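Q: Hey, can you walk me through this one? I'd like to start with the strands and then get to the helices and rings.

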Amino acid sequence: MHSIALYNNKGGVGKSTLTFFMADFLASVRVAGRPLRVLVMDLDAQGSSSTALLGEELARQARAEARTIGHLAMQLAQGRQPDLRPFLLLRPSSLRGHPPLPAVTVLLPERESIFNFDANPLHTLTLFARTLKPLLLPHFDIVLLDLPGNLDERHLLAVNALVMSDSLVIPMEPTRLALHALPETLRMIRYAQEHGQGCPVCLGILLNRTDKRSRQFRLHAPAIVRLLQEVQIPCFNNYLPNAPELANATDDTLAFTSLKDRYGSYYPHVKKVVSELFDRWQTRMPA
Ligand SMILES: Nc1ncnc2c1ncn2[C@@H]1O[C@H](COP(=O)(O)OP(=O)(O)OP(=O)(O)O)[C@@H](O)[C@H]1O
Ligand SMILES: [Mg+2]
């Protein structure tokens with residue numbers, strides 16, 4: 001099992017969009033005669049990626065039945081061995097008028113702050129790494145963790161999720177505003193790494209909404225390259241283009257991934273990014 005966090009403290013940079021397109025693509029890949037088993041853990045209360053994958057109705061119903069990461073975490077914190085089945089929500093396998101969808105499993109985010117870790121934060125920041133990760137291991141090949149923006153040390157579920165991740169990708173737009181948010185993002189990553197014995201390994205910045213021929217990119221590229229050299233974070237060679245079709249379709253939920261043909265300029269880049277991501281992982285981590 002390999003767990004990959006998508007995180008940038010800046011909001012709206014494309015974390016959730018990339019999460020569900022990556023999930024959709026990875027779940028369509030067959031390895032050793034069977035499709036990869038993909039889990040999306042949505043840590044953002046907004047629920048963008050989980051709602052897009054499950055549909056609003058299913059997400060609402062499961063939330064009403066307390067089948068969320070927060071409720072699962074409470075059982076783990078109480079030292080119980082939870083039955084994972086009620087929490088693992090399956091994306092509907094088909095949508096009328098569309099080809100079948102590859103199976104993706106989803107863990108729903110917490111909306112209310114029902115979950116309070118008590119006294120020992122050192123102990124509890126590794127709760128997911130120690131207890132949830134081994135439970136997921138036999139069931140999944142890939143776990144994608146969709147992190148919220150505006151994260152700080154108080155967001156214990158999200159920090160737990162970072163600490164349990166093997167690797168991490170930072171989606172970012174090539175703008176000056178996005179550059180300003182980077183130091184805080186890196187600070188939170190280091191905070192997680194202190195608790196996660198070096199994990200997650202940061203695989204690099206992934207540029208989103210990028211047109212390398214555009215004036216804006218040429219304007220900001222030198223500053224981005226300089227900053228990345230300073231902080232010693234690599235940048236993915238592949239990038240995600242600006243796809244206006246995506247921005248115009250935010251209210252589509254279930255239909256979204258099944259209509260990926262419509263997102264022709266984005267989806268082929270996701271495939272290249274996934275391939276680069278695993279290459280990077282293999283070169284960063286000794287076998
Ligand atoms: N490459 C792209 N081209 C055009 N629009 C995009 C692209 N990537 C993302 N978007 C759009 O930008 C908006 C924000 O994307 P998304 O929700 O994935 O960002 P996020 O980083 O998860 O945001 P948040 O921090 O709020 O969770 C969405 O409307 C999405 O459809
Ligand atoms: Mg998001």
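This is a predicted model: local features need pLDDT of at least 70, side-chain atom pairs count only at pLDDT 80 or more; totals for chains, interfaces and linings use all residues.

Q: OK, and what does A5 stand opposite in β8?

A: That's L168.

Q: How many strands form the sheet, and in what order?

A: There are 7 strands in an open sheet, and the order is β5-β6-β4-β7-β1-β8-β9. The pairing is mixed.

Q: Which strands stand at the edges?

A: β5 (89-90) and β9 (201-207) do. Each has a single partner strand, so one side of each is left without a neighbour in the sheet.

Q: Switching to helices. At what angle do α8 and α9 pack?

A: About 10°, and their axes are 10 Å apart. α8 covers residues 176-195, and α9 covers residues 215-231. Angles under 35 degrees count as roughly parallel, so that is how α8 sits relative to α9.

Q: Which residues meet there?

A: From α8 you've got R176, L179, L182 and L186. On the α9 side they meet H220, A223, I224, L227, L228 and V231.

Q: And what's that contact like by class?

A: Between α8 and α9, the count is 8 nonpolar residues, 1 polar and 1 charged.

Q: New topic: how many aromatic pairs does the structure hold?

A: It holds 4. One of them is F20 with F21, a tilted pair with 5.0 Å centre to centre and 35° between the planes.

Q: Is F21 buried or exposed?

A: F21 is buried, at a relative accessible area of 0%. F20 counts as buried too, with 6% relative accessibility. The cut-off for buried is under 20%.

Q: What about the pair of F21 and Y267, is it stacked or edge-to-face?

A: Edge-to-face, because the planes are at 65° and over 60 counts as that. The ring centres of F21 and Y267 are 5.8 Å apart. Y267 is buried as well, at 8% relative accessibility.

Q: Where do F21 and Y267 lie in the chain?

A: F21 is in helix α1 (residues 15-27) and Y267 is in helix α12 (residues 267-284). The pair therefore ties together parts that are 246 residues apart in sequence.

Q: Last one: which residues do the ring pairs link into a cluster?

A: F20, F21, F25, Y266 and Y267.

Key:
Residues are numbered from 1 along each chain as its sequence is written. Chains are lettered from A and ligands numbered from 1 in the order in which they are written. Side-chain values use heavy atoms; hydrogens and water are left out. Axes are lines fitted to C-alpha atoms, for helices over the stretch in contact, and angles run from 0 to 180 degrees between N-to-C directions. Helices (H or I, at least four residues) and strands (E, at least two) are DSSP runs, numbered from the N terminus. Angles under 35 degrees count as roughly parallel, over 145 as roughly antiparallel, 65 to 115 as roughly perpendicular and the rest as oblique. Contact means heavy atoms within 4.5 Å. Ala, Val, Leu, Ile, Met, Phe, Trp, Tyr, Cys and Pro count as nonpolar, Asp, Glu, Lys and Arg as charged, and the others, Gly among them, as polar. Two strands pair if DSSP finds at least two bridges between them. Rings of Phe, Tyr and Trp (its six-membered ring) pair if their centres lie within 6.5 Å; planes under 30 degrees apart count as stacked, over 60 as edge-to-face and the rest as tilted. Buried means under 20% relative accessible area, exposed over 50%, partly exposed in between (1.4 Å probe, protein chains only).
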